[in-house]
Amino acid sequence: MKTSDILEKVKIPRHKLYYLEQKGYVTPKRIPMGDLEAREYSEEDLIKIRLIWKYLQKGFKHKVAYNKAVQEMV
């Protein structure tokens, strides 16, 4: 699943998505495309991003939102 698919399905801003990746909360596969790299997200990534975003919108901090999302996924 491409970045644009995630942005469309979850309605999360691109910078927030990249922040989650920067913090290590999601780790999409990197696919070389010439000088650039495309991100390929799994279904599990999609679910995790949806849950994290849900908790962020409720006012939780990123780490707490991530922990709650992981607990909910178990």
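Helices (H or I, at least four residues) and strands (E, at least two) are DSSP runs, numbered from the N terminus. The model is predicted: local features need pLDDT of at least 70, side-chain atom pairs count only at pLDDT 80 or more, and totals for chains, interfaces and linings use all residues. Residues are numbered from 1 along each chain as its sequence is written, and side-chain values use heavy atoms, with hydrogens and water left out.

**Exercise 1.** Determine where E21 lies, whether E21 is buried or exposed, and which residues E21 contacts.

*Solution.* 
Step 1. E21 belongs to helix 2.
Step 2. The relative accessible area of E21 is 13%. Buried means under 20% relative accessible area, exposed over 50%, and partly exposed in between (1.4 Å probe, protein chains only). E21 is therefore buried.
Step 3. Contact means heavy atoms within 4.5 Å. With neighbours within four places in sequence left aside, E21 is in contact with V26, P28, R30, R39 and Y41.
Step 4. Between the C-alpha atoms of E21 and I49, 28 residues apart along the chain, the separation is 9.9 Å.

**Exercise 2.** Characterise K11 by location, backbone and accessibility.

*Solution.* 
Step 1. The loop between helix 1 and helix 2 contains K11.
Step 2. Although K11 is not a glycine, its phi is positive, about 60°.
Step 3. K11 has a relative accessible area of 59%, so it is exposed.

**Exercise 3.** Describe the packing of helix 1 against helix 3.

*Solution.* 
Step 1. Two packed helices are described by the angle between their axes and the distance between the axes. Axes are lines fitted to C-alpha atoms, for helices over the stretch in contact, and angles run from 0 to 180 degrees between N-to-C directions.
Step 2. For helix 1 and helix 3 the angle is about 40° and the axes are 11 Å apart.
Step 3. Angles under 35 degrees count as roughly parallel, over 145 as roughly antiparallel, 65 to 115 as roughly perpendicular and the rest as oblique. Helix 1 and helix 3 are therefore oblique to each other.
Step 4. The crossing of helix 1 and helix 3 is right-handed.
Step 5. From helix 1, I6, K9 and V10 meet L46, I49, R50 and W53 of helix 3.

**Exercise 4.** Identify the residues that touch the most other members of the largest nonpolar core, and the elements that supply it.

*Solution.* 
Step 1. A nonpolar core is a set of buried Ala, Val, Leu, Ile, Met, Phe, Trp, Tyr and Cys residues joined through side-chain atoms within 4.5 Å.
Step 2. The largest such core has 19 residues, of which I6, V10, I12, L17, I49 and I52 touch the most other members.
Step 3. Two or more residues come from each of helix 1 (3–10), helix 2 (14–22), helix 3 and helix 4. Helix 3 gives the most, with 7 residues.

Terms used: A crossing is left-handed if the near helix is turned anticlockwise from the far one by less than a right angle, and right-handed if clockwise.
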